Amino acid sequence: MTLPFQDGGAPENPYYKGRGAQLNPKNKFLQTEYAQDHPEGIDEWWQADVPTQVIEEHAKTLVNKVDSPDVGMWYSMNPYQGCEHGCIYCYARNAHQYWGLSAGLDFERKIIVKRNAPELLRKFLDNKNWVPKPISLSGNTDCYQPLERKMWITRQLLEVALEYKQPLGIITKNALVLRDKYLLQKLAQDQLVCVYVSITSLQEDLRQKMEPRTTTAAQRFRIVKELSEAGVPVGVMTAPMIPGLNEHEMPQLLEMAAQNGAKFAGYTIVRLNDAIKIIFNDWLYKNFPDRADKVWHLIESMHGGKVNDSEFGRRMRGEGNVADLIRQQFKIHTKKNGLNMERLELNTSLFQRPQQQLRLF
């Protein structure tokens, strides 16, 4: 078996190419487990990378109410838990611990699939107590991650939404979304969908390290352009902004988004809560040893001396001089590029239950 290292052997400092996380930190919910927190203290700790493992779950629910006031969604649904994209900063990593898995490499290698998601969505929408509101796809993990190419679960969810005239919001960083352009176009004709594309950097070497199994920035701008030309409302998320790594790219990202047809934009700053703090710190010092201390301290400066702040209204925007500069940068360049000039409201008035329609005849 060929190992994911340069020489195929056991190097002094192992690095799993094509993965974001480089270790499996301890799961705080497990009393006993096999964890890797300090590999430098253990002889021959390294292991070969392994293929992605698919774990099918027969879920009982799909749609969740979102209580957080600062994420811009009422309800969300996620057909996948875990994500092969391997984005090192991903806040969804922590949720993997509830499954008895690690937020590190397990999050990227062991993907939990809700194959019955379309049936669960139908059941949810058929509930007479459901008062239509937009539902966000990818509130947690990317609904168009690589596994969707085989599973087609997101595609089926779009078909159900079209049948019920249920409005959806989507956020993705995968060009696979263009596979479903026709369905998105149909939904957009009735003002039932908007798509946000996450674009974090134009530096290809940074993307390969920070988001190893995602599509390139050029491909993401292609998503914006093709969907916009198809009449689908498109926005971009320049998120997260990480000072010392990518925050200086925000003006160019917003300019290029507008040039390719985006009408809306948003951003967040990086926050490293729970296990993500360990995973990101390990990644940062392995990939950017020359500036790791500076980046780490800049992140701390945005969260009151820590790398995370869980306070609603502040956790996604931060505080302090660095956070203020990013905020002003976003405000100036969205206005300059004509972004967020109009308010996007999805249409809830067309919602229908097909079974009820059939009973009329």
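Reply: Here it is, and note that the model is predicted. Start with E4 and strand E5 (residues 110-113): two bridges join them in the antiparallel sense.

Me: What makes E4 and E5 a pair?

Reply: The cut-off is at least two bridges between two strands. E4 and E5 have two bridges, so they count as paired.

Me: Which sheet holds E5, and in what order do its strands come?

Reply: E5 belongs to an open sheet of three strands, in the order E1-E5-E4, with mixed pairing.

Me: Why are strand E1 (53-56) and strand E4 (80-81) called edge strands?

Reply: E1 and E4 each pair on one side only.

Me: Now Glu 108. Where does Glu 108 lie?

Reply: Glu 108 lies in helix H1 (residues 105-109).

Me: Why is Glu 108 called buried?

Reply: The label needs a relative accessible area under 20%. Glu 108 has 0%, so it is buried.

Me: On to strand E8 (residues 193-198). How do you know that E8 is mostly covered?

Reply: Five of its six residues are buried.

Me: What makes strand E7 (residues 168-172) a partner of E8?

Reply: Five bridges join E7 to E8, and the two run parallel. At least two are needed, so E7 and E8 pair. Ile 171 stands opposite Tyr 196 in E8.

Me: How does the chain get from E7 to E8, and with which hand?

Reply: The path goes through helix H5 (residues 181-189), and this β-α-β crossover is right-handed. The label applies because, with the strands pointing away from the viewer, such a path runs clockwise.

Me: What makes E8 and strand E9 (residues 234-241) a pair?

Reply: Four bridges join E8 to E9, in parallel. The threshold is two, so the label holds. In E9, Tyr 196 has Gly 235 as its bridge partner. Val 197 has Val 236.

Me: How do you know that E9 is mostly covered?

Reply: Eight of its eight residues are buried.

Me: What links E9 to strand E10 (residues 264-269)?

Reply: Five bridges join E9 and E10, which run parallel. Thr 238 is partnered with Tyr 267 in E10. E9, helix H8 (residues 250-259) and E10 form a right-handed β-α-β unit.

Me: How many helices and strands are there, and what share of the residues is buried?

Reply: The protein has 12 helices and 10 strands. Of its 361 residues, 53% count as buried.

Notes: Residues numbered from 1 in each chain as written. Predicted model: local features only at pLDDT ≥ 70, side-chain atom pairs only at ≥ 80, totals over all residues. Heavy atoms only, no water. Buried < 20%, exposed > 50% of the residue type's maximum accessible area, 1.4 Å probe, protein only.
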